[in-house]
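User: I have a model open and want to learn how to read it. Can we take it feature by feature?

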Amino acid sequence: MISRPRHVVIIGGGITGLSAAYAVMEEAKKAHASVQCTVLEQDSRWGGKILTHATQDLLMEAGPDSFLTTKPAAIELCRALGLESRLLPTNAEHNQTFAFCRGKLRELPQGLLAFRPQRVDHFMRSGVLSVPGMLRMGAERFWPRPTRLPADESMSEFFSRRFGAEAFHNLLEPLVAGIYAGDAQELSIQATFPRFRELERDYGSVIKGMRALQARPPKNLPSSFPMTMFMSLRGGLGELTQALTGILGAQKVHLRLGETVQYVEPAFHDDDSHRIFLRDGQCLVGDALIVTTPAYSAAKILEQACPEFATILNDIPYASTATVSLAYQAESIRPLIRGFGFVVPRKEQRALLAATWSSLKWQGRSKAGEILVRTYVGGRGRDIILEKEDQEIGQVIQQELAELVGVTAKPHFMEVNRWHRGMPQYVLGHQERLSSIASLLQGKPRLYLAGAAYRGIGIPDCIKDGMQAGKEAIQGILGDHAPVSLEKDGL
Ligand SMILES: Cc1cc2nc3c(=O)[nH]c(=O)nc-3n(C[C@H](O)[C@H](O)[C@H](O)COP(=O)(O)OP(=O)(O)OC[C@H]3O[C@@H](n4cnc5c(N)ncnc54)[C@H](O)[C@@H]3O)c2cc1C
């Protein structure tokens, strides 16, 4: 037995895993503890779903294109990494979003996308709803709260119950689809937007609750630069993962690409270590283990040692989507497009979930004279389109852009990025699944599960979750002072 610095192993090099590694190093520094950290990523690049792709003329996001600022974790991390001057707000002059409904594109009220409408009376003027639909929606303020609130309900049940079926189908469903690529009849309101249920519980009405909250100042966001509801970075979100790997490398974190974890043998007792087996037969030994892969990969990794974990993790469903970037000559498309883009309600039975005029939404996404368009297809129950060839997908999209917006010009560039099982779905029963996972983790010292599959799929949620796991890992290992044996193949 020889003593060695404590070792934290993190599986997965997406934003959750990299944030976890960052927190591990920060917490170790604060505690003046010598800690080694290894991040294992099966792919040949860092970032997971975050994938910025630049050509000479275009800057494209194959995965996420921005993060929400009402949850501060992403902004705070950017500041800590020295990226404040790189933050990119959305363009002020095109700040509208549209929904395709009742035969044409209609402007949505501002703030609705973040489920914090600034002016509820904008609902009344948007033209998205018929007069009876508007009256029903407005009546939400007086709509009685059930005497006994159900423990959970689907998004569609909740929003239809509060705001009426038309508001749900025309306004709220496409926004849900945009965020989760999901089916609102399956998604749990409690797991996705618990705040709405809290507003109903505390104020008797969502609208009344939102109005009361608007009177309060926004959360502790820095005010030294222009802040919009969604932000990106000048060089795309890839800058964030690049900055993270840069700083982690400088702190001597072992950053290992192309390393697939086959399975793990988690510690069973407080003085045990975790063993992590790689595809090439190597075995790493870790005092703490943070698994940040998608739930189905975590299930595979843990299956052998903890089959009960695997069953629960495999129950978390995923949706598959594709983003398709198209570039047009500006003059052929500019007169036809307005705002940042549009969403399409599921009931319209279109292939498109959403389209973003990236060059209007962000500075520097294309050179002058070109317009970059980002479209989004697939989703829960609609992923059959991903089986088509790229060219066929492109044709479907072009046809819908022609029908919905009148764009008949041919793009001079197109790129399809498929995300098979890319979006976890927090369906009814998700909270119970999380509780079962938490109880199982109690019997596994210093094992942590974090990432998009659990407590939020947005980038700020993943950062917060990864950092929390990193902090807990340090607390877990520094609370235990016994020396750990160095295995032959360890590290
Ligand atoms: C198309 C799309 C658009 C999105 N748009 C937005 C948006 O605009 N804003 C927003 O906030 N969020 C958005 N999201 C959601 C957000 O991007 C993701 O939820 C988040 O990036 C997930 O991060 P993660 O680190 O938890 O998981 P991932 O990014 O999936 O990272 C997990 C990593 O684990 C690795 N891995 C898996 N198995 C193993 C193994 N056995 N061994 C080693 N490594 C393994 C994977 O290769 C992967 O790199 C979008 C997601 C998609 C797919």
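Analyst: Start with domains: their bounds come from an automatic or database domain assignment. This is a predicted model, in which local features need pLDDT of at least 70, side-chain atom pairs count only at pLDDT 80 or more, and totals for chains, interfaces and linings use all residues. Residues are numbered from 1 along each chain as its sequence is written.

User: Into which domains is the protein divided?

Analyst: The assignment gives domain 1 (6-48 + 239-316 + 427-478), domain 2 (52-70 + 82-93 + 318-424) and domain 3 (99-214). Taken over C-alpha atoms, the centres of domain 1 and domain 2 are 32 Å apart. Their contact takes 13 residues from domain 1 and nine residues from domain 2. Contact means that the C-beta atoms of two residues, placed from the backbone, lie within 7 Å.

User: Which elements give two or more residues to the side of domain 1 that touches domain 2?

Analyst: Elements are DSSP runs, numbered from the N terminus: helices are H or I with at least four residues, strands are E with at least two. Here they are helix 10 (238-250), helix 11 and helix 17. Helix 10 gives the most, with three residues.

User: Where does the ligand lie relative to domain 1 and domain 2?

Analyst: Both domains give residues to the shell around the ligand, so it lies between them. A residue is near a molecule or strand if its C-beta atom, placed from the backbone, lies within 6 Å of it. Of the 37 residues around the ligand, Gly12, Gly14, Gly48, Pro64 and Gly451 come nearest. Elements that each supply at least two shell residues include helix 1 (15-30), strand 15 (318-329) and helix 17 (459-478).

User: How do the shell residues divide by class?

Analyst: Ala, Val, Leu, Ile, Met, Phe, Trp, Tyr, Cys and Pro count as nonpolar, Asp, Glu, Lys and Arg as charged, and the others, Gly among them, as polar. The shell has 15 nonpolar, 18 polar and four charged residues.

User: At roughly what angle do the axes of helix 11 and helix 12 cross?

Analyst: Axes are lines fitted to C-alpha atoms, for helices over the stretch in contact, and angles run from 0 to 180 degrees between N-to-C directions. Helix 11 (residues 295-302) and helix 12 (residues 307-314) have axes that come within 8 Å and cross at roughly 165°. That makes the two helices roughly antiparallel, a label for angles over 145 degrees. The contact includes Ala295 and Tyr296 of helix 11 and Phe309 and Ala310 of helix 12. Its residues divide into eight nonpolar, one polar and no charged.

Key:
Parallel < 35°, antiparallel > 145°, perpendicular 65-115°, else oblique.
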